[in-house]
Amino acid sequence: MSPNRFLPGGGDEISGMEAFRYRHDQLFCEKISLKQLAREIGTPVYVYSRGALEGSLRNFDHAFVDVPHLICYAVKSNSNLSILKLFRDLGAGVDIVSGGELFRSLQVGVDPQKIVFSGVGKKNAEIDYALNTDILIINVESKAELDAIEARAKALNHRARVSFRVNPDIDPKTHPNISTGLREHKFGISTQEALPLYQYARGLSHVEVVGISCHIGSQVTSLEPFLQAAQKVFDVLGRLQEIGIHLQYVNLGGGVGIRYHDESPPSIAEYAQGLRRFFARKEQVLILEPGRILCGKAGLLLTEVLYVKRSDRRPFVIVDAGMNDLLRPGLYDAYHEIWPVERNASETFIVDIVGPVCESTDFLAHDREIPVTQRGDLLAIMDTGAYGFSLSSNYNSRPRPAEVLVRNNTYQIIRERESYEDLVRGEKGI
Ligand code: LLP
């Protein structure tokens with residue numbers, strides 16, 4: 001495994017801020033008019049800026065240039081093959097959490113020696129798949145899982161490289177549904193359990209313990225929890241060294257937040273600066289598993305206004321994207337900015353923006369002031385490149401939207417809009 005120090009080439013990168021801009025009051029993605037794109041592809045459609053994706057990965061990588069490191073993109077945040085391929089071509093590895101994510105990653109030729117496998121519930125078939133592929137590391141979350149991996153590795157006559165995921169019991173101060181590093185969460189092993197487990201693993205014949213990992217949560221918007229978690233991991237590392245266990249890899253997970261509304265997350269430079277001191281002696285390779293920070297601001301969801309429904313309360317703007325297309329507002333009460341694709345209204349109104357799905361949690365924004373809009377207008381749901389399409393479903397038998405990747409003045413459909421036929425594939429009407 002060679003950690004990625006410099007990514008090749010100099011390309012089309014731009015910042016997330018530059019990816020989506022108005023020109024003469026029309027919203028563009030790079031040099032593509034979103035009105036034109038919607039006319040050609042229909043709505044709803046996810047639109048990603050290749051330049052912004054490239055820019056965020058290069059920026060992240062550059063911040064760690066003086067630390068031996070490997071960036072393992074968290075596939076769950078956006079698992080489209082074209083995005084995986086783009087990051088792979090730029091030198092990144094992947095963090096996977098299922099056999100399906102391993103399959104996707106191998107489809108686009110990710111080097112198995114840049115793949116780490118997280119998650120509390122790996123099935124035997126998934127463990128076998130990872131072992132047969134010879135991925136870099138399986139992140140182990142319990143003794144029971146370690147025993148299963150030892151057994152599978154023995155059966156396959158393989159030696160599994162593993163890390164233990166420790167739960168540092170740190171409050172990341174993010175939404176409770178996406179925090180993972182507290183004692184009450186199902187993730188990882190406690191720092192107290194770690195030492196005996198490392199000693200136990202040392203006695204196993206088909207497991208090689210090569211690292212330690214942690215992940216405290218997602219959309220973390222202050223630096224402090226990351227530093228506290230790193231300190232706890234390095235405390236364990238120090239105690240392991242005292243008993244003669246030396247590890248090659250320290251995986252500090254993902255979780256750096258982005259600005260959706262009024263958050264002020266640390267910059268990547270600040271984040272890297274904070275972590276750098278732990279790696280001053282360059283004894284271990286730093287693995288990071290960023291997801292949202294790499295793709296969140298590089299995508300939007302384009303939707304058409306179907307109806308404006310006025311009542312004695314504030315109006316409902318009913319659009320053609322629903323909670324099956326974008327679950328974050330309904331699931332986490334998440335805030336996404338909503339921009340008009342054409343800026344032609346001088347007045348604003350305060351509305352609820354809702355989808356067509358038969359659930360009251362099917363909303364994209366509550367109590368939101370937007371320029372006055374009407375049937376046929378287009379709206380852009382911003383910052384939906386991460387956990388947008390990847391959390392989508394077919395609920396209400398709604399075909400999932402298309403995905404489009406824009407590069408400068410061209411675009412490609414990187415996932416076709418689903419058809420009704422797609423909806424019933426594999427089903428039998430018996
Ligand atoms: N590593 C592990 C082990 C993880 O569980 C996650 C995310 C990541 C890395 C990547 O975290 P990121 O850098 O993207 O924050 N659906 C939620 C987010 C769930 C995150 C789950 N784990 C949302 O839409 O906000």
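This is a predicted model: local features need pLDDT of at least 70, side-chain atom pairs count only at pLDDT 80 or more; totals for chains, interfaces and linings use all residues.
Residues are numbered from 1 along each chain as its sequence is written, and side-chain values use heavy atoms, with hydrogens and water left out.

The protein chain is divided into domain 1 (12-49 + 296-424) and domain 2 (118-290), with bounds that come from an automatic or database domain assignment. Taken over C-alpha atoms, the centres of domain 1 and domain 2 are 35 Å apart. Where the two meet, 10 residues of domain 1 are in contact with eight residues of domain 2, contact meaning heavy atoms within 4.5 Å.

The area buried between domain 1 and domain 2 is about 810 Å², and carbon and sulfur atoms give 55% of it; buried area is the accessible area (1.4 Å probe) that two parts lose on being put together, summed over both. In domain 1, Lys297, Tyr332 and Tyr335 lose the most area to domain 2, together accounting for 58% of what that side buries.

Glu145 counts as buried because its relative accessibility is 6%, the cut-off for buried being under 20% relative accessible area (1.4 Å probe, protein chains only). Leaving aside residues up to four places away in sequence, Glu145 touches Gly119, Val120, Lys122, Ile138, Asn139 and Val140.

Key. Buried means under 20% relative accessible area, exposed over 50%, partly exposed in between (1.4 Å probe, protein chains only).
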